[in-house]
Amino acid sequence: MLKIIEKNPILVLSIVTILMLLVHLDVPSVTIMEARNFITAREMLQDHNWLLTTMNGEARYEKPPLPTWLSAFSGLIFGINSIFALRLPAALMVLFLGIFLYLLSLKLNLTKLHSFYNALIVITSFYVFAIINEAPWDIYTHGFMLAGIYFLFLILKGKTAIWKNVMLSAFFIGLSILSKGPVSLFAVFLPFLISYGIAFKFKGIETKIFPIIILLILSILIGGWWFVYVRLADPVAFLEIASKETGNWASYNVKPFYYYWSFFTQSGIWTIPALISILYPFMIKRIENKKVYKFSFWWVLIAVILLSIIPEKKPRYLMPVLIPLAINIGIYINYIIQNFKKSISKKETFPVYFNFGLISFIAFSLPIVLIIMLKTDIKNHLFNFIALTIVCILIGINIIKYLRNKNIKVVFYLVVLFMISALGLGLPISQSLNKNLAYKSINSLHLIEDTNSIKTYSIGEITPELLWDYNGILKNIYKKEQLVLPNETSFGLLIMNEDVPKITSELGDQYNLELKETYNLNEGSKMKERLIRQFYIISKK
């Protein structure tokens, strides 16, 4: 069985992605970042705003359109209101990332098997797959950048087919820019170049300077044309949005320089191996391919330093660090697989036993934790729970068994299987953890509007999740502390709880206010006020 798996790495990576992500792709709730992308995709199809992109009928140029185009095309095929369809391109980008890390690892002269380890590690690292739900643009920009770097690596190391690789590298780097601007140039491309210089010294670069200059020019043309077009077509909105976005880098979500020092924890189930893999003095003495380790180590370290310089910081911004970190982790995993039975010291065995023993404990504990948390609600997902329990127990037992036999390769595959099982079988069960009796979809507002022949407006910008669920335009009539009332004698108004006293007092003298409904999109016990709106019908006295 293992021989079949290891002989077909691309096929296995595809199956892992399908089982881990695609089977229940529509289960997690739509997040605020996703909603923005999905709304823009929907308005592309409905209003044909393919270049001058919109959200809620207003200009949205904060992000380039490539990810939204891909979501829109998928929605066009499978249904624009299908969460599965809109998430599908981002989920496939996880596989794309895994394949190109596998290919890059091969070009680093790592074995086919070692390269396969690296690819499995990257697609099962927490923030690599979680990012498709939290911030869909990130997986595109960094995935395409890795593909561009792969072909750039071929240029730097090779002597043939240079111009073919220039075109391919420029194409993918351009797609990266067209996905999230220059973000990946700073977070992935620049750290790669610096670490390559440290490890491989840019040998023979003199003959390749001109092709690389052409590559960079083509990348900017492919990735930058949309920015130029929007700047010329809608300069006022473009400059206003650009000013706001650049201002956020220095004033929004500002964190201290050391905020990212726990970056290795973003790899999730690989946290302990990740920590050990960045212990340079420990690792460099034990591994065979020291240049590759030096290259991936500095790639990780420089990426973290560069990201730390930017005042605005969020955990998801660390996702690009997980790409070279997967190579680092793979080097450590490959080392213990090859040496655990023979030459590894007793001190080195402790973190291995601790790490995989901990994962075995988590596997045993997961069904118990679900019973405690869900209680009687577990019956709503009985099949998944029973299947997950059986799989977790078998995985836990076998991890201990093969750990005792010092067969780390099988243990490694069991950890990957645990990740597949936890997401593939456990994700549907998580729906029962998000119970809110006050939940009320705002999509039902259309029925009230049709019954009363009214149009609805919003006080303040409507939250993207609410707007996505509503499936329509909700114009904001309260901007810069000024209320601009519509001409209709009767209309609907959505108001946040905190704004109700202020708005009702302003309208009270001239209008009748009738509270019709409270819409609440919170799905868990934690209430977010931005997901709650009071709906009033307003009519002139």
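Predicted model: local features only at pLDDT ≥ 70, side-chain atom pairs only at ≥ 80, totals over all residues.
Reader: Great. How many salt bridges are there?

Author: The count comes to 11 salt bridges, where a salt bridge is a side-chain nitrogen of Lys or Arg within 4 Å of a carboxyl oxygen of Asp or Glu.

Reader: Which residue does Glu348 pair with?

Author: Glu348 forms a salt bridge with Arg286, and their closest N and O atoms are 2.9 Å apart. Glu348 sits in helix H17 (residues 346–374) and Arg286 in the loop between helix H14 (280–284) and H15, so the pair ties together parts that are 62 residues apart in sequence. Helices here are DSSP runs of H or I with at least four residues, strands are runs of E with at least two, and both are numbered from the N terminus.

Reader: And is Glu348 buried or exposed?

Author: Glu348 counts as buried, because its relative accessibility is 9%. Arg286 is partly exposed at 31%. The cut-offs are under 20% relative accessible area for buried, over 50% for exposed and partly exposed in between, using a 1.4 Å probe and protein chains only.

Reader: What about Glu465, which residue is its partner?

Author: That one is Arg530, with the closest N and O atoms 2.7 Å apart. This pair also links distant parts of the chain: Glu465 is in helix H21 (residues 464–470), and Arg530 is in the loop between strand S7 (511–520) and strand S8 (532–540), 65 residues apart. Glu465 is buried at 8% relative accessible area, while Arg530 is partly exposed at 28%.

Reader: Nice. How far apart are the closest N and O atoms of Asp499 and Lys502?

Author: They are 4.0 Å apart, and the two residues form a salt bridge. Asp499 is buried, with a relative accessible area of 15%, and Lys502 is partly exposed at 33%.

Reader: Switching to the surface: which residues form the nonpolar patch?

Author: Phe257, Tyr258, Trp261, Leu301, Ile305 and Ile309 form it, with about 630 Å² of accessible area together. Patches are made of residues with over 30% relative accessible area and no salt bridge, with like charges joined within 9 Å and nonpolar side chains (Val, Leu, Ile, Met, Phe, Trp, Tyr) within 5 Å. The areas come from the Shrake-Rupley method with a 1.4 Å probe, and for residues only the protein chains shown count as cover.

Reader: Where do Trp261 and Ile305 sit?

Author: Trp261 is in the loop between helix H12 (235–251) and helix H13 (271–277), and it counts as exposed at 57% relative accessibility. Ile305 belongs to helix H15 (residues 290–309) and is partly exposed at 38%.

Reader: Which lysines make up the positive patch?

Author: Lys157, Lys201, Lys203 and Lys291. Lys and Arg count as positive and Asp and Glu as negative, with His and the chain ends not counted; the place of a charge is NZ of Lys, CZ of Arg, CG of Asp or CD of Glu. Lys157 lies in helix H8 (residues 136–157) and is partly exposed, with a relative accessible area of 45%.

Reader: And Asn118, buried or exposed?

Author: Asn118 is buried, with a relative accessible area of 0%, and it lies in helix H6 (residues 112–124). Leaving aside neighbours within four places in sequence, Asn118 is in contact (heavy atoms within 4.5 Å) with Leu101, Ser105, Leu110, Ala326, Ile327, Gly330 and Ile331.

Reader: Last one: what is the phi of His48?

Author: His48 has a positive phi of about 60° although it is not a glycine. His48 is in the loop between helix H3 (32–47) and strand S1 (54–55) and counts as exposed at 61% relative accessibility. Asn471 has a positive phi too, about 65°, and is likewise not a glycine. Asn471 is in the loop between H21 and strand S4 (478–479) and is partly exposed at 25%.

Terms used: Residues numbered from 1 in each chain as written. Heavy atoms only, no water.
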